[in-house]
Amino acid sequence: MFTTEEATAFRNQFQGSVSELNEFISEYGLAFFKYSDGARYLCNNAQSTFSFANNRIIDAGRTVKYYLRPVKKVRFKLK
């Protein structure tokens, strides 16, 4: 799951071009990011949420449905 900092950087990078991001990730069989109708994604160990619709990171609540986008960490050992 994104940290708050990762979510902010990711949202800032793709906020104006979510459709381009979705086109790119669809080529790899990944699901689209939703950016309309107030779609919010969990981050910060499910304590916070972010959206492509605005610049706020807010506390997660119990009465709203959120999307989850896991992040895979890959480590390389340099020789």
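In what order do the strands of the open sheet stand, and is their pairing parallel or antiparallel? The three strands have the order β1-β2-β3, and the pairing is antiparallel. Because β1 (41-43) and β3 (57-59) are at the edges with a single partner strand each, one side of each has no neighbour in the sheet. On average, neighbouring strands are turned by 40 degrees against each other, direction ignored. Two strands pair if DSSP finds at least two bridges between them; β2 and β3 have three, in the antiparallel sense. T49 has I58 in β3 as its bridge partner.

This is a predicted model, in which local features need pLDDT of at least 70 and side-chain atom pairs pLDDT 80 or more, while totals for chains, interfaces and linings use all residues. Residues are numbered from 1 along each chain as its sequence is written, and side-chain values use heavy atoms, without hydrogens and water.

The predictor's confidence in each residue, pLDDT, runs from 0 to 100. For the protein its mean is 86, and 94% of residues reach 70 or more.

| Element | Residues | Mean pLDDT among the elements |
|---|---|---|
| helix α2 | residues 18-26 | 90 (lowest) |
| strand β2 | residues 48-50 | 93 (highest) |

Helix α1 lies across β1, β2 and β3, at about 140 degrees to β3; angles run from 0 to 180 degrees between N-to-C directions. R11 belongs to this helix, residues 4-14. R11 is buried (under 20% relative accessible area, 1.4 Å probe, protein chains only). R11 has no salt bridge (side-chain nitrogen of Lys or Arg within 4 Å of a carboxyl oxygen of Asp or Glu), and E5, the nearest side chain of opposite charge, is 12 Å away. Beyond its neighbours within four places in sequence, R11 has contacts that include F50, F52 and I57 (heavy atoms within 4.5 Å).

How values were computed: Helices (H or I, at least four residues) and strands (E, at least two) are DSSP runs, numbered from the N terminus. Buried means under 20% relative accessible area, exposed over 50%, partly exposed in between (1.4 Å probe, protein chains only). Lys and Arg count as positive and Asp and Glu as negative; His and the chain ends are not counted.
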